[in-house]
Amino acid sequence: TFQSYIDLPEQDEEKTNNEEVEKTASAFFDNLLEPRKLQGETKIAEADKVLMFAPFSDRKQGIIGHLFVTNFKISFVTADKSSYPDGDNNQVVMRSKLLENTDIPLTYVDTIYQVSSGARKRKLIPGNSVSTTTKYLEIYCKDFQVHVFGFKFTSADQNRQITDAIAHFSFPAKDSLLFAHEFGHSGRFDDQPLPQFLHKDDWEKELERLQCQRMWRVADANVGYSMSISLPEYFVAPINILNSDLAKACAQFTDKRLPTWCYTYVNGASLVRMSHVLPESDFKFLEEKMLNAVKQSSGNEKDLLICDLGRMCPSLQDIKNSIEKLKAIVLTDSAKDFYSSDARWLSNLENSHWLQHVAACLNTANHVVNQITRDSQTVVLKEETGCDLSCVISCLAQLQLDTEYRTQSGFQSLVQREWVVMGHPFQQRLGFLQSPEGAESEQAPVFLLFLDCVWQLLQQFPSSFAFTETYLTVLWDTANLGLFDTFLFNNCWHRKKFLSENLKMSVFSLPSAWDWKFQLSEEQILLFNNPLYRLRTSYDLDYVVDSAKTALRNSEEVLKENRYSMLLGRLHSSTDIFGLQEVVLKPEVTAGLIKFWSQCFLRWNIPAQIVGGGNPSQYVQQCILTEEVVCLEHKLSSLTRQLRAQLMQPPQQQQREDKEMTRLLMKMPRPSSGLMFGSTGYRSTSMQLSSMYITSSFPFTLAVSHNTQHALICGPLSQYLKDTAIDHNYMQDEND
């Protein structure tokens, strides 16, 4: 039978094999295949007998199938399920509930290159028609993945149609052409899992949580966006300034973004953000009036610290130039190009200045935090537009100051407030739309820069955050998906305008990105949970460790007591197993401690993957350790309750009730650790993981499997877990 996963013939063998391959391929595709479509998704173009090349195979190995273009994605489909990158498993592993592994959302597409006969390679420009026949199509994506398709066996008409469709629909000119326009009409998405900060109540609750409602108030001067379309309808301003004063002052600031509140620390010092005063303004005294009001709300007489982010942080142009240089060294599917670049990796990385920009942002946030905590000084973040680097520094400072924002819900609330509601132009910065002809692109991955800074905090303080690096990487991918109203718009006014225009025709709503169950399975969501944070915050480790020590000391075996006496000591120890960590985080920003975020940038580069190692290997072991602690604590608690019950009962009644008490204790369920590789995690997905090899790119790269493992040699993940786990029967739920 025809195998759709084929090794392409060498040049000298092509002539003799072409006719046979074409004949077999034609018979194989007699039955038309269709991609799985979402509500509102329609097919635009298709081509059969298309080759999807395996990454880093030098275009000698690939899958033959159908290529489709819809109004949402580019989708590759083949009839032979063993050809999919997850191996010969009959159950194809989905990337998410919305996408298959071989789907490319149109909003992910960053650059398209057409390779025609003669190896001529050119970048496809949006709006220009394709006149030459395409031999290969290279698609470079915002998630740093490269997809290469070959059209050797595709008819000339389908060749031009599919190339034109991909080039045209990947770069829409207006937001009404985005798939979200159709998707929003297809269903109702009313679940808003977090405070949206679109209403006054959410802001007031945050002020109450921080106990600063006596100095700051929720202003409603912008209801109906009568004052500024860049600001939300509700924002926080100094309590002693009137709405009329806000209306007068806003016109003097760029985009009418006057000073607005971000956060208040326990000592009363606050964090405020603002844009620059217009250079032609004749009323610059209004800036002084606003800043005086901010100073009065600080609760002390200290002067404000004005941080000009234009001098302290990279500019938008710096970020754009840096990411282009970074993409040049990480975006490849050629082993030859990879190893050629690898020889100059450190110099190329330094020349991109990406890590320098990350360090500059962290250093600025450190400076802000020091002034707030050490000197009780209110800090004002001043930026030209007030909606880019202000978001980065404001959120980093709050993450360092407040433990609430280091939980997943708290972090999402922070992003929702400081980025989404306060008007970071996601649609422009993520490049969802084609720039008007002659206009400079406003695309710049400011949000990615922020996530990279957060990742640096996770590396330096691994037990202080409830979420993992996988969560941050998925968040970047989610922002680029273009389906969620969270990251689709430039500001709240833009969102309201888009939704209201569509509501005129029918019921219209879009899902929130924070409703993770909408796009991910429960097991995938478990990968967001940090086991070290669970150990530190959810379980009384001192109690577990001390109880174990006491049990050993009370043992009648003198030899065992002597054996462990040096390790256990004689005194009761209350030392925190994680050591002392301050509530306020102060990361080091020296060059040697700023690392490269390989999971995000290199997850698709097979030669860069560490087989059987990397952060995922540590993560698995941390999950197993947490499971052991949960099990031990549960056993100790059960035995303690049983002992107390026995001591409280008379001997005769104790004997009668012993069996009943034991029976009840046996039925008590062991608490869940909430981790992927726990008592209920990987065992329910063992069939899925049996065909998957653990690498440093887990859980993103599915190319490393039975069919596409190339030179990588390693046991399946399920075998790895079996071999490395502490010997314990997790399925025994009576006592464990």
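Predicted model: local features only at pLDDT ≥ 70, side-chain atom pairs only at ≥ 80, totals over all residues.
Residues are numbered from 1 along each chain as its sequence is written, and side-chain values use heavy atoms, with hydrogens and water left out.

Let me start with strand β3, residues 61-70, where 10 of the 10 residues are buried, so the strand is largely enclosed by the rest of the structure; buried means under 20% relative accessible area with a 1.4 Å probe, protein chains only, and strands are DSSP runs of E of at least two residues, helices runs of H or I of at least four, numbered from the N terminus. Strand β2, residues 43-53, runs antiparallel to β3 and is joined to it by eight bridges, where pairing requires at least two DSSP bridges. On the other pairing, four bridges join β3 to the antiparallel strand β4, residues 73-77, and these two form a hairpin with two residues between them.

Turning to the rings, the whole structure holds 35 aromatic pairs, counted for Phe, Tyr and the six-membered ring of Trp when centres lie within 6.5 Å, with planes under 30 degrees apart called stacked, over 60 edge-to-face and the rest tilted. Phe411 and Phe467 have ring centres 4.9 Å apart and planes at 45 degrees, so this pair is tilted. Phe411 lies in helix α13 and Phe467 in the loop between α15 and α16, so the pair ties together parts 56 residues apart in sequence.

Note on methods
Buried < 20%, exposed > 50% of the residue type's maximum accessible area, 1.4 Å probe, protein only.
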